[in-house]
Amino acid sequence: MKLAHTMIRVRDVEASVEFYSDFLGLREVRRSEINDATLVFLADVDAHYYVELTYNHDGRDYEPGNQFGHLAFTTDDLEAVVRDAESRGWWYRRSQPDPGRYIFVRDPDGYDIEILQAG
């Protein structure tokens, strides 16, 4: 598998985009509105890694330590990963409405790990 992105929750999406773009040199490659959230993906110059900034519109606040969302990995065979998770008895949840796009698996500490179908 290959690391796809790291997601963090942010309080002010535009200030965060400015920090990650202007200060760290990442570039915005995609922005979307999903449910009650704005997702902004930023990449390094060579697109070797991505950071996903998630702004939830519900007004909740975050403190350092609880704003981390998940790590995401890509795989060439999502169904093989599902079978492996099932055989190990690990909790997982499929994406909705397209269950073939990605799953979330919980690590031993309860952190969400997203596994995306490559391509």
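T38 counts as buried, at 5% relative accessibility, where buried means under 20% relative accessible area, exposed over 50% and partly exposed in between, computed with a 1.4 Å probe on protein chains only. The model is a predicted one, in which local features need pLDDT of at least 70 and side-chain atom pairs count only at pLDDT 80 or more, while totals for chains, interfaces and linings use all residues. Residues are numbered from 1 along each chain as its sequence is written, and side-chain values use heavy atoms, with hydrogens and water left out.

T38 sits in strand β3; strands (E, at least two residues) and helices (H or I, at least four) are DSSP runs numbered from the N terminus. Beyond its neighbours within four places in sequence, T38 is in contact (heavy atoms within 4.5 Å) with V13, R31, S32, E33, L53, T54, Y55 and H57. With H57, the side chain of T38 also makes a polar contact of 2.8 Å. Such a contact is a pair of N or O atoms within 3.5 Å; within protein, one must be able to donate a hydrogen and the other to accept it, and residues adjacent in sequence count only if both atoms are side-chain atoms.

Strand β3 (residues 37-43) pairs with β4 in the antiparallel sense over seven bridges, pairing being assigned if DSSP finds at least two bridges between two strands. L39 has T54 of β4 as its bridge partner. The two strands, β3 and β4, form a hairpin with six residues between them, and A47 in the turn has a positive phi of about 55°. Strand β4 also runs parallel to β1 (residues 2-9), to which four bridges join it; here T6 stands opposite V51. Five of the seven residues of β4 (residues 50-56) are buried, so this strand is largely enclosed by the rest of the structure.

Helix α1 (residues 13-23) comes next, with V13, S16, V17, Y20 and S21 as its buried residues. These cover an arc of only 120° around the axis, which puts them on the same side of α1; the arc is that of the directions from the helix axis to the C-beta atoms. D22 and F23, on the other side of α1, are exposed. The cover over the buried residues of α1 includes β1, β2, β3 and β4. At the N-terminal end, D12 caps α1 through a side-chain oxygen 3.2 Å from the backbone nitrogen of E14.

Some backbone details deserve a look. Most residues other than glycine have a negative phi, and most peptide bonds are trans. N35, in the loop between β2 (27-34) and β3, has a positive phi near 50°, and is exposed, with a relative accessible area of 82%. Q96 and P97 are joined by a cis peptide bond, with omega about 5°; P97 lies in the loop between β6 (92-94) and β7 (102-106).

Among the 41 residues that line the largest pocket, L39, F41, E52, H70 and E114 are the closest to its centre. On a 1 Å grid over the protein atoms alone, a pocket is an open set of points where a 1.4 Å probe fits, with protein on both sides within 12 Å along at least five of seven lines, and lining residues have an atom within 4 Å of a point. Strand β1 gives the most to this lining, with six residues.
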